[in-house]
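Visitor: I have the model open and would like to know what lies behind the labels. Please take me through them.

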Amino acid sequence: MESCSTVVSTTLAVFLVLHLGLIPIMAQQNKPEIGIAGQEVILKCRDIPHEKRVTWKYDKAVIRSFEDTQYRGKAAMTDRSEINSNSKHLRVLDLRLSDAGTYTCESGSHRVSISLHVFKLTVSYDGHFLSNEVPELTLMQNSSHTLPDLSITLFNSNNSIVRPRILEKTRQKYILELKQLEATDSGTWMCHVQSASPLINRNISFDVKVLGFQNTDLERKYATADSTVILSWHLNFRKIKWKEGFTGQLNWKQQESATVHELLDFNVTARGEQHETKKSSHFQFEIRKPESTIELKLPKVHFNHSGQYQCQLAYNRRYVQSKIELVVMKVSANPAGPLPRGAEMTLTCQVSSPLPSNAHLLWERVNGTQMDIKKSKQNEVKVEVNVSAAGLWNCHLIEENDKKISLNYHVEEAPVWIIYVIIGASIGGSVLVFGLACLCIISGISWQRRRQRAKRMARARQHLLENKTCQCQHRLNK
């Protein structure tokens with residue numbers, strides 16, 4: 001019985017030792033070495049004495065062998081690999097998806113097998129985008145074992161989770177579609193890959209560069225007539241270290257359906273050099289050249305300078321644009337000039353294009369009452385107010401309770417002597433008109449009398465002529 005129990009104990013001990021010895025082997029198999037295509041990976045040959053000869057193989061094909069010097073094998077990655085003379089680790093450069101598989105490190109009777117699982121992440125357009133474009137990510141994997149079902153989480157450059165749309169999903173390939181990009185999305189993104197079996201927990205970083213404007217897609221700018229206006233488009237190519245050349249142009253049209261006028265074109269070289277060329281003499285403007293900015297200066301803006309100013313970038317036959325809508329405001333009076341006592345004047349405040357629903361025009365008299373306020377209705381481009389007394393009037397363009405621009409008009413009362421002059425001129429004008437009328441009447445009467453006199457003389461001459469003719473005939477008869 002004693003010997004039987006000893007045999008059982010020995011068997012259990014051997015089984016336990018074997019079991020404990022298999023745990024790291026199983027763990028090693030369940031957790032493969034991870035490599036990323038395009039990068040390098042170091043495969044470790046553990047517990048090998050430095051003086052020993054080492055041979056690395058890939059699926060039984062020799063990669064390299066090292067003792068005093070390195071021997072080159074015929075495996076596919078031989079030219080992209082090297083053995084570290086001290087650690088005997090294998091370094092594989094510029095990994096490819098096809099490099100996945102089982103690698104073996106052999107030294108005498110010592111043998112270590114490593115499973116390499118390779119991921120390849122590609123980004124559409126090589127990671128170079130324009131604002132509002134939608135990128136696609138393709139994640140591929142390869143291994144000598146069964147490919148796992150992956151859990152993928154994306155983080156943008158601000159480390160916020162991005163939820164993509166899955167376009168295709170197989171064990172070998174995942175194609176993901178992201179949201180529209182903005183210029184602020186430029187930076188390093190992260191693709192986090194997880195799997196329970198085999199155990200995978202790996203981050204794959206990739207760069208996203210979004211060329212565009214730091215402006216919004218559509219900006220509205222308000223200006224008063226005859227003021228100086230500067231329109232600016234801030235480009236981000238220096239900020240994101242964009243290394244490709246691109247071109248652009250600046251256009252203007254007064255209305256949506258109006259003719260487009262090209263004001264200037266520009267180009268930026270791969271070295272970041274910026275060049276502009278003026279293309280139009282439609283109206284007077286200046287080109288300013290602050291760094292990474294397209295800037296247009298209108299020294300004295302007119303009412304007909306309003307409209308849409310569009311800056312467009314072009315890269316590899318792809319385009320992105322940003323618009324600034326210029327709205328010009330002016331005030332006028334009818335009749336113009338000083339206001340006579342007892343008279344009325346109409347003040348008009350007008351903008352060049354319809355305002356958004358949250359904006360309106362407002363006339364108000366300085367130090368006036370609630371009765372001296374006139375507000376425009378929705379979609380109205382002008383507001384009028386009738387004025388019968390002198391004073392200072394302000395017209396405001398208000399958007400969401402914020403006064404964007406203002407113009408004032410000072411109604412001056414006409415001096416008393418001007419009133420007398422006006423009265424005198426009126427009386428003088430009336431007298432002049434009366435005198436002219438009398439003169440016309442007198443002239444008409446005189447002309448009529450002369451005409452009647454001429455008729456009487458003509459009749460008298462005719463009568464005398466007839467009498468002479470009769471006398472001559474009488475004499476001849478005798």
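Guide: Strand S25 and strand S26 (residues 318-334) run antiparallel and are joined by nine bridges. Keep in mind that this is a predicted model.

Visitor: What makes S25 and S26 a pair?

Guide: Two strands pair if there are at least two bridges between them. S25 and S26 have nine bridges, so by that cut-off they pair. Within this pairing, Tyr309 stands opposite Ile324 in S26. S25 and S26 form a hairpin with two residues between them, and Asn316 in the turn has a positive phi of about 50°.

Visitor: Which other strand pairs with S25, and in what sense?

Guide: Strand S20 (residues 246-253) pairs with S25 in the antiparallel sense over seven bridges. Thr247 stands opposite Ala314 in S25.

Visitor: How many residues of S25 are buried?

Guide: Nine of the nine residues of S25 (residues 307-315) are buried.

Visitor: Why is the pair of Tyr58 and Tyr103 called tilted?

Guide: Ring centres must lie within 6.5 Å to pair, planes under 30 degrees apart count as stacked and those over 60 as edge-to-face. The centres of Tyr58 and Tyr103 are 4.9 Å apart and the planes are at 50°, so the pair is tilted. Tyr58 lies in strand S3 (residues 54-58) and Tyr103 in strand S8 (residues 101-107), so the pair ties together parts that are 45 residues apart in sequence. Both Tyr58 and Tyr103 are buried.

Visitor: What makes the pair of Tyr125 and Phe129 edge-to-face?

Guide: The planes of Tyr125 and Phe129 are at 80°, with 6.0 Å centre to centre. The cut-off for edge-to-face is over 60 degrees, so the label applies.

Visitor: Are Tyr125 and Phe129 buried, or which of them is partly exposed?

Guide: Buried means under 20% relative accessible area, and exposed means over 50%. Tyr125 has 47%, so Tyr125 is partly exposed. Phe129 has 0% and is therefore buried.

Visitor: What sits over the ring of Tyr125?

Guide: The charged end of Arg318 does, 3.8 Å from the ring centre. Lys330 lies over the face of Phe303, at 4.3 Å from the ring centre.

Visitor: Why is Ser353 called buried?

Guide: Ser353 has 14% relative accessibility, and the cut-off is under 20%, so Ser353 counts as buried. Ser353 is in the loop between strand S27 (345-351) and strand S28 (359-365). Leaving aside neighbours within four places in sequence, Ser353 is in contact with Glu325, Val327 and Val381.

Technical notes
Residues are numbered from 1 along each chain as its sequence is written. This is a predicted model: local features need pLDDT of at least 70, side-chain atom pairs count only at pLDDT 80 or more; totals for chains, interfaces and linings use all residues. Side-chain values use heavy atoms; hydrogens and water are left out. Helices (H or I, at least four residues) and strands (E, at least two) are DSSP runs, numbered from the N terminus. Buried means under 20% relative accessible area, exposed over 50%, partly exposed in between (1.4 Å probe, protein chains only). Contact means heavy atoms within 4.5 Å. A charge sits over a ring if NZ of Lys or CZ of Arg is within 6 Å of the ring centre and within 35 degrees of the ring normal.
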